[in-house]
Amino acid sequence: MNRTTLSLIAAVTALAAVTGVASLTAGSSDDTAPAAKTATRLPVERSALVCPTPTSSDVATTTYTAFTPKVTGAQGAKKGTAALLPAQGSEDDGAQKDTQKDQKGQKGQAGTASKPVVSLKEPGKPVTAETDRSDAPALIGTADGPLAPGWTVQQTTTVAAGSGRGLLGTTCTAPDTDFWFPGTSTAKDRQDYVHLTNPDDNAAEVDLKLYGPNGRLKPSAEEEITVPGRSTVPVLLSTLTDVEAQDATLRVSARSGRVGAAVQAVDEELGSDWLPASAEPSDSVVLPGIPADATSVRLVVFAPGSDDADLKVRLAGRSSSITPAGQESLHVKSGMTAWADLADVTKGEAGSLVLTPEGGEGRATPVVAALRVTRGKGSSQETAFIPATTSIERTGTAADNRAKGSTLSLVAPSASAKVRVTASAGSGGGSPVSKTYDIKGGTTQAVEPPHPSSGKGGYALTVERISGGPVYASRMLALPQGGIPMFTIQPLPDDRGTVAVPAARQDLSLLNDGGK
């Protein structure tokens, strides 16, 4: 390998360690193969997140909980920063009720002074902030140094009454260029808004495309959206087409720039919640954490490729995996959205849905998927969404857990696995507590997670895979109010707190001499 090529690889490797959004793998030549084998993992040094505009309701309260787990190798580094600021054009004038004290204004990336809405000071201890404003802004932020690896922010909004009533929870997302949202709707009884938030200074150009049971929904309005720099734009999905589709799939793709995207789904009768993006298309998907008392479960699947998908449907329960009666398989046509009504599939026992290729790996077709889950009956019903998620390769975190109301679901869809669950200190003090769980292959464990030792306030849960096969997880937060079983479910994908860095086999001093 010549010097120029090696220097380029080293530079990309250094960039990966800084950004935390890339990892370098060696090429196919024999000359580069040994480097991949000796790759090490280092903590990321910078993370970015965006949180959507929480609500426009006058009877709502929103809590933000920020947390970074303690990561080996990140300690002892320079002091880091982690803060979320209002998106441009939605800054407040001090009217926000913020539980944090003595926060200092700081320069936003666009050069304007902004007061952080929530900022983190140290790993291992969550920080909370609260607002009851109906015009609370979308948030944009970054974390660096020891606060970057695994930085997680949860936004939880309680809307007490009105058409949007419910418990709306979402994990603030990393900006990206491509998102899939199966489970959206353009029906009259639903108002689904996709919130697009641009964290960068330059405008982002975004395409929105909707797919129903018969394919692409004919657009009735411009599908190309411009999101100004450091701003947020909400788009009502039913304004993009005249076609009513009870079950649809939305694709958000940025032609230039990047955005954070989340869908706020409001049902006139069944409440509201955030619909997170599905994991990237895959031939096998896992949707973890269907509550034991679910009264209705609806599966929505989309096949984005050129081939149809035939999927085997399995429910991983407490002791084994079963096939739901009458729903052994699902056929999904290419470019179309399919659905299946699974009714009360859990029947009093929490579980997770696992979709695999019906004809074996040779007929595998990538899909995206989500569940709409309903609890309660009659006028006291509430819904939440569970998208397909990625496995926890190392660690995954759910912030904003309360003294009561959290249920952690852990599923090992194939081989058995062992995980460690750690409850952080509370935002008001206390000490972390850990507990280990053994998960039998093909089953789901729904547990009340550990709590911090003494202390008060919200806390975070971090799931660490210790050994065994793949593990998927979600956390349900239930905060019933007025007889309505308000709840929200957040998946715990791997937090990507570390990045693979191949070992160099040649002197790379050019990278460390300040460019001399």
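A residue counts as buried when its relative accessible area is under 20%, and as exposed when that area is over 50%. Keep those two cut-offs in mind as we walk through this structure, which is a predicted model.

**A threonine tucked into a loop**

Let's start with T365, found in the loop between β27 (351–357) and β28 (368–377). Is T365 buried or exposed? Its relative accessibility is 7%, so T365 counts as buried. Who are its neighbours? Leaving aside residues up to four places away in sequence, T365 touches S282, D283, D307, D308 and A309. One of these, D308, has its backbone oxygen 2.9 Å from a polar atom of the T365 side chain.

**A strand with several partners**

Next, look at strand β14, which covers residues 204–212. Seven of its nine residues are buried, so β14 is largely enclosed by the rest of the structure. As background, strands of a sheet pair through backbone hydrogen bonds, in a parallel or an antiparallel way.

Which strands does β14 pair with? One partner is β18 (residues 248–256), joined to β14 in the antiparallel sense over seven bridges. Within this pairing, L208 has V252 of β18 as its bridge partner. Another partner is β16 (residues 224–227), which runs antiparallel to β14 and is linked to it by four bridges. Y211 stands opposite R216 of β15, and a hairpin of two residues leads from β14 to β15.

**An open sheet**

Elsewhere, four strands form an open sheet in the order β26-β22-β28-β29, with antiparallel pairing. Which strands stand at the edges? They are β26 (337–343) and β29 (380–387); each has a single partner strand, so one side of each is left without a neighbour in the sheet. From one strand to the next, the twist averages 20°.

**Positive phi angles**

Most residues other than glycine have a negative phi. D400 has a positive phi although it is not a glycine, and R496 is likewise a residue other than glycine with a positive value. What are their surroundings? D400 sits in strand β30 (residues 395–401), while R496 belongs to the loop between β37 (487–491) and β38 (498–501). With a relative accessibility of 1%, D400 counts as buried, whereas R496 is exposed. The table sets the two side by side.

| Residue | Phi | Relative accessible area |
|---|---|---|
| D400 | about 60° | D400: 1% |
| R496 | near 50° | R496: 55% |

Finally, find V44 in the loop between β1 (40–43) and β2 (46–51). V44 has a relative accessibility of 2%, so it counts as buried. How many residues apart in sequence are V44 and V499? The answer is 455, while their C-alpha atoms are 6.2 Å apart in space.

Key: Residues numbered from 1 in each chain as written. Predicted model: local features only at pLDDT ≥ 70, side-chain atom pairs only at ≥ 80, totals over all residues. Heavy atoms only, no water. Buried < 20%, exposed > 50% of the residue type's maximum accessible area, 1.4 Å probe, protein only. Pairing = 2+ DSSP bridges. Polar contact = N/O pair within 3.5 Å; in protein donor to acceptor, adjacent residues only side chain to side chain. Contact = heavy atoms within 4.5 Å. Axes fitted to C-alpha atoms, helices over the stretch in contact; angles between N-to-C directions.
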